[in-house]
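Have the coordinates open while you read.

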Amino acid sequence: PADKFFLRFDYVFDKFHMTKQDFLFVRLYALYMNYIIRREQISYISVVDPYFMHEGFLAVCPEHREYARNYIANFMVANKDKEAILLPYHPM
């Protein structure tokens with residue numbers, strides 16, 4: 001089903017103990033939040049895909065940084081009427 005995903009025990013354990021999360025879990029949760037926002041038709045919140053802000057993506061080449069800059073600019077313009085924009089951040 002599209003409204004559920006399953007996590008390994010160590011992800012849940014780390015989340016409850018407030019330790020650093022794996023980037024894939026952060027991205028999965030952001031995508032899940034987008035799904036909930038669309039399903040519940042919440043019109044005042046938007047969530048940015050954190051993949052483009054990940055250090056592993058930005059460190060590859062200048063073209064990736066340019067792509068991330070364009071993605072963020074286009075996202076902000078497309079969602080300028082939203083009251084809240086959430087950007088999940090995952091430092092290395």
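In which helix do Glu66 and Arg69 lie, and how many residues apart are they? Both are in helix α4, 3 residues apart, or about one turn of the helix.

Before going further, some ground rules. This is a predicted model, so local features need pLDDT of at least 70 and side-chain atom pairs count only at pLDDT 80 or more, while totals for chains, interfaces and linings use all residues. Residues are numbered from 1 along each chain as its sequence is written, and side-chain values use heavy atoms, with hydrogens and water left out.

**Overall layout**

The protein has 4 helices and 2 strands, and along the sequence they follow the pattern α-α-β-α-α-β. Helices here are DSSP runs of H or I with at least four residues, strands are runs of E with at least two, and both are numbered from the N terminus.

Of the 92 residues in the protein, 24% are buried. Buried means under 20% relative accessible area, exposed means over 50%, and partly exposed is in between (1.4 Å probe, protein chains only). The protein exposes about 7000 Å², with carbon and sulfur atoms supplying 61% of it; these areas come from the Shrake-Rupley method with a 1.4 Å probe, and for residues only the protein chains shown count as cover.

As for contacts (heavy atoms within 4.5 Å), take those between residues at least 6 apart in sequence: 56% of them join residues at least 24 apart.

**Salt bridges**

Side chains of opposite charge can pair when their charged atoms come close. The criterion used here is a side-chain nitrogen of Lys or Arg within 4 Å of a carboxyl oxygen of Asp or Glu. A search of the whole structure turns up 3 salt bridges, listed below.

| Asp49 | Arg27 | 2.9 Å |

What does the Asp49 and Arg27 salt bridge tie together? Asp49 sits in the loop between β1 and α3 (55–58) and Arg27 in helix α2, so the pair links parts that are 22 residues apart in sequence. Asp49 is buried, at 12% relative accessible area, whereas Arg27 is partly exposed at 26%.

The Glu40 and Arg39 pair has both partners partly exposed: Glu40 comes in at 46% relative accessibility and Arg39 at 42%.

**Core and nonpolar surface**

Which residues make up the largest nonpolar core? There are 6 of them: Val48, Phe52, Met53, Phe57, Ala68 and Phe75. A core in this sense is a set of buried Ala, Val, Leu, Ile, Met, Phe, Trp, Tyr and Cys residues joined through side-chain atoms within 4.5 Å. Take Met53: setting aside neighbours within four places in sequence, Met53 touches Val48, Leu58, Ile72 and Leu87.

Ile85 belongs to strand β2 (residues 84–86) and is partly exposed, at 32% relative accessible area.

**Two loop residues**

Is Asn79 buried or exposed? Asn79 is buried, with a relative accessible area of 12%, and is found in the loop between α4 (62–78) and β2. Apart from neighbours within four places in sequence, Asn79 is in contact with Ser46 and Ile85.

Gln41, in the loop between α2 and β1 (45–47), is exposed at 69% relative accessibility. Its phi is near 55°, a positive value in a residue other than glycine.

**Aromatic pairs**

The whole structure holds 2 aromatic pairs. Rings of Phe, Tyr and Trp (its six-membered ring) pair if their centres lie within 6.5 Å; planes under 30 degrees apart count as stacked, over 60 as edge-to-face and the rest as tilted. Tyr32 and Tyr35 have ring centres 6.4 Å apart and planes at 35°, so this pair is tilted. The two tyrosines are 3 residues apart in helix α2 (residues 23–39), which puts about one helical turn between them. Tyr32 is partly exposed at 26% relative accessible area, and Tyr35 is partly exposed at 30%.
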